[in-house]
Amino acid sequence: MTIKIGLLGFGTVASGIPFLLTENGEKIEAAAHSDLEIAKVLVKDDDEKNRLLAAGNNYNFVTNVDEILGDADIDIVVELMGRIEPARTFITKALEAGKNVVSANKDLIATHGKELISLAQDKGVAFYYEAAVAGGIPILRTLANSLTSDKVTRILGVLNGTSNFMMTKMVDEGWTYEAALKTAQELGYAESDPTNDVEGIDAAYKAVILSQFGFGMTIDFDDVAHKGISNITPDDVTVAQELGYVIKLVGDVQEVASGLSAEVSPTFLPKEHPLASVNGVMNAVFVESIGIGESMYYGPGAGQKPTATSVVADIVRIARRLNDGNIGKPFNEFSRPTQLAQPDDIKAKYYFALSVPDRKGQILRLAEIFNAEDVSFEQVLQQKANGTTARVVIITHELSKTQLANITEKLQAQVDFDLLNSFKVLGE
Ligand code: HSE
């Protein structure tokens with residue numbers, strides 16, 4: 001039996017699928033209990049079709065999605081267009097037409113996943129999206145299946161390959177921000193609009209999806225605070241190194257007494273933390289749980305073949321279920337009411353970098369502000385900046401989001417203080 005696939009889009013990831021179907025055909029066929037065939041490929045227009053044909057891609061390219069959605073022989077629609085529209089409309093129509101859908105579209109799943117998952121359920125079809133989080137790392141299926149007996153308490157992740165690649169090049173090899181971004185784009189790591197990568201938005205989408213699989217809660221994208229890498233300065237990187245930390249863009253989803261908290265922010269990781277050595281385009285998901293304790297899942301988070309590998313794994317799983325007659329089981333069955341954590345209950349240590357006048361009494365003023373909020377210093381460092389100002393770096397003991405907001409507001413209200421940056425610090 002042959003299972004036919006309709007591809008929506010033929011960009012970086014999609015063009016990696018034929019490689020796997022050819023090079024690993026025997027194993028895929030044995031697992032799927034079928035042959036898999038790319039029957040049709042949707043492209044934007046005739047220009048794109050002609051360009052792809054001229055480049056030697058021998059597929060049945062179509063420019064109207066209805067040629068795929070209306071084709072009764074196509075069982076699986078694979079959406080690899082990215083962004084919200086028209087992907088959302090096409091997936092909705094595909095599910096309504098009773099087709100099984102595979103997608104790598106974290107933007108869409110993080111913002112409209114609920115409606116699509118429920119539509120797939122109503123129609124009794126599969127909607128799988130392993131590649132949406134951490135590209136080549138099979139983290140969603142691991143959380144849904146292998147960790148089913150465990151209770152996850154926190155997920156920390158280096159979830160954006162582009163920004164991690166950029167930070168690694170900038171810190172280790174002195175590349176400029178622009179050069180690092182350009183290379184990440186050339187290597188096919190970055191989103192079509194790289195703002196999502198560097199501003200923490202892409203990682204926040206992934207945090208939303210991880211919260212569903214790890215904690216059974218569907219948090220809204222708007223409830224995931226996100227801050228990117230563009231405001232990290234060379235001074236922050238140097239101080240981090242001096243104090244024994246590495247700065248990485250980290251997604252952090254944790255369950256505290258009052259509920260779930262999720263955020264993405266540049267984070268000081270102690271050098272010995274397993275996430276601190278995740279470099280380049282590599283991603284890692286560090287899971288804390290009551291059973292296993294600590295486990296980390298590591299691999300390429302972007303790129304053609306790694307992401308295509310996760311996409312094809314979903315296709316194979318669907319083909320197998322079609323053959324076994326048990327299609328329609330949700331990708332993730334863990335679901336419970338969503339409850340967000342209270343700001344008072346979300347605690348971490350923080351790094352503050354400030355520029356202050358270089359004259360007596362300034363450390364005392366800072367101490368008074370932190371003391372008024374009942375927050376104590378763990379480390380304080382003062383460096384001469386120029387003739388009139390000094391740079392002060394403070395690492396605090398644990399404080400809550402409420403205390404963080406109050407301290408930030410008070411620091412910003414001091415006309416002669418300049419709050420340069422504040423980042424979360426991981427560790428005891
Ligand atoms: N732009 C994403 C990244 C691709 O850099 O991680 C994978 O989602």
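How do the residues of the lining of the second largest pocket divide into nonpolar, polar and charged? In this predicted model, that lining holds 7 nonpolar, 3 polar and 7 charged residues.

The volume of the second largest pocket is about 370 Å³. It is lined by 17 residues, and those closest to its centre are Arg154, Glu288, Leu426, Gly427 and Glu428. Two or more lining residues come from each of strand E7 (152–158), strand E11 (282–289) and strand E13 (347–357). Strand E13 gives the largest share, 3 residues. Because domain 2 (139–300) and domain 3 (343–425) both contribute to the lining, the second largest pocket lies between these two domains.

The largest pocket comes next. Its space amounts to about 950 Å³. The lining consists of 40 residues, with Gly11, Thr12, Leu80, Met81 and Gly82 nearest the centre. By class, the lining of the largest pocket has 15 nonpolar, 15 polar and 10 charged residues. Helices contribute here: helix H6 (106–123), helix H8 (161–173) and helix H11 (201–215) each supply at least two of the lining residues.

How values were computed. Residues are numbered from 1 along each chain as its sequence is written. This is a predicted model: local features need pLDDT of at least 70, side-chain atom pairs count only at pLDDT 80 or more; totals for chains, interfaces and linings use all residues. Side-chain values use heavy atoms; hydrogens and water are left out. On a 1 Å grid over the protein atoms alone, a cavity is a set of points where a 1.4 Å probe fits but cannot get out, and a pocket is an open set with protein on both sides within 12 Å along at least five of seven lines; lining residues have an atom within 4 Å of a point. Grid points are joined across faces, edges and corners, and a volume is the space filled by probe spheres set on the points. Helices (H or I, at least four residues) and strands (E, at least two) are DSSP runs, numbered from the N terminus. Ala, Val, Leu, Ile, Met, Phe, Trp, Tyr, Cys and Pro count as nonpolar, Asp, Glu, Lys and Arg as charged, and the others, Gly among them, as polar. Domain bounds come from an automatic or database domain assignment.
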